[in-house]
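Please read it alongside the sequence and the coordinates.

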Amino acid sequence: MGEPLEIVILGLTITSSWGNGHATTYRALLRALSQRGHRVTFLERDVPWYRDHRDLPHPSFCRTRLYGSLAELQREHTETLRRADLAVVGSYVPEGIDVGRWVCANAPAAAFYDIDTPVTLRRLEAGTCAYLERALVARYDIYFSFTG
């Protein structure tokens, strides 16, 4: 199987399944990675609508860290990112374009995980995607899709 990886994932949410499918998707993925011996840190923007509806605030299968702003994320987690083997940015992450640029500039390897590819592609085509831009797609080492 190889050596365990240190993985950092920046996703919409893992702590709250309220009103979204992201948390359940991330929970299954991170649980499987943990079972294979990988160490995962999940970085989640602390926003009121998920804060008020957290049903899994401290998952046993990953370290979860909340951050309040892009500046806090960069200040508190740049070294974590640099030490990781892989950093993954998920679709719909707040300020996702700036987060993606920061990840690509600091992580040894960077990936984009798209949980709703058809929506992302339509928004990229229309120039209305708030979490990804065409120029950033080329900077990611890997682009993978939940929907195919």
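## Strand β2 and its pairing

Six of the seven residues of β2 are buried, so this strand is largely enclosed by the rest of the structure; buried means under 20% relative accessible area, exposed over 50% and partly exposed in between, with a 1.4 Å probe and protein chains only. Helices (H or I, at least four residues) and strands (E, at least two) are DSSP runs, numbered from the N terminus. This is a predicted model, in which local features need pLDDT of at least 70 and side-chain atom pairs count only at pLDDT 80 or more, while totals for chains, interfaces and linings use all residues. Residues are numbered from 1 along each chain as its sequence is written, and side-chain values use heavy atoms, with hydrogens and water left out.

Strands β1 and β2 pair in the parallel sense over six bridges, where pairing requires that DSSP finds at least two bridges between two strands. Within this pairing, I9 stands opposite F42 of β2.

## The sheet as a whole

The six strands form an open sheet in the order β3-β2-β1-β4-β5-β6, with parallel pairing. Because β3 (63–67) and β6 (142–145) stand at the edges with a single partner strand each, one side of each is left without a neighbour in the sheet. On average, neighbouring strands of this sheet are turned by 20° against each other, direction ignored.

Strand β1 (residues 6–11) also runs parallel to β4 (residues 86–90), to which four bridges join it, and the bridge partner of I7 in β4 is L86. Helix α1 (residues 22–35) packs on the sheet and touches β1, β2 (39–45), β4 and β5 (110–114), its direction making about 175° with that of β1; contact means heavy atoms within 4.5 Å, and angles run from 0 to 180 degrees between N-to-C directions of axes fitted to C-alpha atoms, for helices over the stretch in contact.

## Helices α3 and α4

The axes of α3 (residues 70–83) and α4 (residues 96–106) come within 10 Å and cross at roughly 25°, which makes α3 roughly parallel to α4 (under 35 degrees; over 145 is roughly antiparallel, 65 to 115 roughly perpendicular, the rest oblique). The contact includes L70, L73 and H77 of α3 and V99, W102 and N106 of α4.

## Residue V137

V137 is found in helix α6 (residues 134–137) and, at 30% relative accessibility, counts as partly exposed. Not counting residues up to four places away in sequence, V137 touches L124, L132 and Y143.
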